[in-house]
Amino acid sequence: MANPLDRDMFQNCQDVVAPVRIGDKWTGKILVCLGDGARRFSELRVPLHMVTPKVLTESLRAMERDGLVRRTAHPGVPPRVEYSLTELGHRMREFFMDTVCAWNASTLPEVLEARAAYDRRVSA
């Protein structure tokens, strides 16, 4: 049996008002899309066609609020808005996405087998 969990195990972990958007559905994909430079909203919609414009806007705003994305409005008619990664966003992309993608690539067969084994157990 495992040792009991320590009630102070997160004592040295900084609390935040809301978690940084790492594990949500779209942040990782947005990080990848902006990895090579600034993009307009319409450019982001091409690979992210499965997300509604409303949810993409909400995700970009939340990432901007967390300091991961910079929104730059250029004057003109119509106004042109571009999104780019901040230094913090680049660091998150390197740390999070590169690590997650490498982990996925190296463990995908194990994950798929675990899912199949679970499905066999549950459906039996």
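This is a predicted model: local features need pLDDT of at least 70, side-chain atom pairs count only at pLDDT 80 or more; totals for chains, interfaces and linings use all residues.
Biologist: OK, and how many residues does helix 3 have, and how far does it reach?
Modeller: Helix 3 runs over residues 53-65, which makes 13 residues, and from its first C-alpha to its last it reaches 18 Å, close to the 18 Å expected at 1.5 Å a residue.

Biologist: Which residues of helix 3 are buried?
Modeller: The buried residues in helix 3 are Leu 56, Ser 59, Leu 60, Ala 62 and Met 63. They cover an arc of only 165 degrees around the axis, which puts them on the same side of helix 3.

Biologist: And on the other side, which ones are exposed?
Modeller: On that other side of helix 3, Lys 54, Arg 61 and Arg 65 are exposed.

Biologist: So what covers the buried residues?
Modeller: The cover over the buried residues of helix 3 includes helix 1 (27-33) and helix 2 (41-45), together with strand 2 and strand 3.

Biologist: Switching to the strands, what order does the sheet have?
Modeller: It is an open sheet of three strands in the order 1-3-2, and the pairing is antiparallel. Strand 1 (39-40) and strand 2 (69-74) stand at the edges with a single partner strand each, so one side of each has no neighbour in the sheet.

Biologist: How many bridges join strand 2 and strand 3?
Modeller: Strand 2 pairs with strand 3, residues 80-85, over six bridges in the antiparallel sense, and Val 69 stands opposite Leu 85 in strand 3.

How values were computed
Residues are numbered from 1 along each chain as its sequence is written. Side-chain values use heavy atoms; hydrogens and water are left out. Two strands pair if DSSP finds at least two bridges between them. Helices (H or I, at least four residues) and strands (E, at least two) are DSSP runs, numbered from the N terminus. The expected span of a helix is 1.5 Å times one less than its number of residues. Buried means under 20% relative accessible area, exposed over 50%, partly exposed in between (1.4 Å probe, protein chains only). The arc is that of the directions from the helix axis to the C-beta atoms. Contact means heavy atoms within 4.5 Å.
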